[in-house]
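Here is a short briefing to read alongside the model. Have a look at the fold first, and then walk through the notes below.

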Amino acid sequence: MMYQMQHTNLKINNMQCVICKSTISGYSNNAQPVAEGKCCDKCNHTIVIPKRIDKVIEIYKQAEIDGTIPKSTDP
Ligand SMILES: [Zn+2]
């Protein structure tokens, strides 16, 4: 007889942040596009999210140059 407890959803401890190398307490975040792996909340807010916004702005600017979207300066 086997009793299998489903604890997989609770496995959120003892992970290391790939950016600051500190132990992640609580939920981890995807560190992409800054790094490969998981990062802590602090790095997510201070590094990963600003980097993602930068990337979006970069894509947007390139699309303006390419003429894919109308220039934001147009009347
Ligand atoms: Zn971190």
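Does asparagine 29 count as buried, partly exposed or exposed? Asparagine 29 counts as partly exposed, because it has 18 C-beta neighbours inside 10 Å. The scale behind that label calls a residue buried if 20 or more other C-beta atoms lie within 10 Å of its own, exposed if 12 or fewer, and partly exposed in between, with C-beta atoms placed from the backbone.

This is a predicted model, in which local features need pLDDT of at least 70 and side-chain atom pairs count only at pLDDT 80 or more, while totals for chains, interfaces and linings use all residues. Residues are numbered from 1 along each chain as its sequence is written.

**Overall layout**

- The protein chain holds 1 helix and 4 strands, and from the N terminus on its elements run β-β-β-β-α.
- Helices (H or I, at least four residues) and strands (E, at least two) are DSSP runs, numbered from the N terminus.
- Of the 75 residues in the protein chain, 12% count as buried.
- Among contacts with a separation of 6 or more in the protein chain, 6% are between residues 24 or more positions apart; a contact here means that two C-beta atoms, placed from the backbone, lie within 7 Å.

**Helix 1**

- Helix 1 covers residues 41–66, which makes 26 residues.
- From its first C-alpha to its last, helix 1 reaches 36 Å, close to the 38 Å expected at 1.5 Å a residue; the expected span is 1.5 Å times one less than the number of residues.
- At valine 48, helix 1 bends by about 30°, and proline 50 follows within four residues; the bend is the angle between axes fitted to the seven residues ending at a position and the seven starting there.
- Buried residues in helix 1 include Cys43, Asn44 and Val48, and their cover includes strand 3 (29–30) and strand 4 (38–39).
- Just after helix 1, glycine 67 takes a positive phi of about 85°.

**Core and contacts**

- The largest nonpolar core has 8 residues, namely Cys17, Ile19, Ile24, Ala31, Cys39, Cys40, Cys43 and Val48; such a core is a set of buried Ala, Val, Leu, Ile, Met, Phe, Trp, Tyr and Cys residues joined through C-beta atoms within 7 Å.
- Valine 48 counts as buried because it has 21 C-beta neighbours inside 10 Å.
- Leaving out residues up to four places away in sequence, valine 48 touches Asn29, Ala31, Val34, Cys39 and Cys43.
- Valine 48 and isoleucine 19 are 29 residues apart in sequence, yet 9.5 Å apart in space, C-alpha to C-alpha.
- Isoleucine 24 touches Met15, Gln16, Cys17, Lys38 and Cys40, again not counting residues up to four places away in sequence.
- Asparagine 29 and aspartate 41 are 12 residues apart in sequence and 6.7 Å apart in space, C-alpha to C-alpha.

**Backbone details in the loops**

- Most residues other than glycine have a negative phi, and most peptide bonds are trans.
- Lysine 21 has a positive phi, near 65°, and lies in the loop between strand 1 (15–16) and strand 2 (23–24).
- Lysine 21 counts as exposed because it has 9 C-beta neighbours inside 10 Å.
- The peptide bond from glutamine 32 to proline 33 is cis, with omega near 5°, and proline 33 is in the loop between strand 3 and strand 4.
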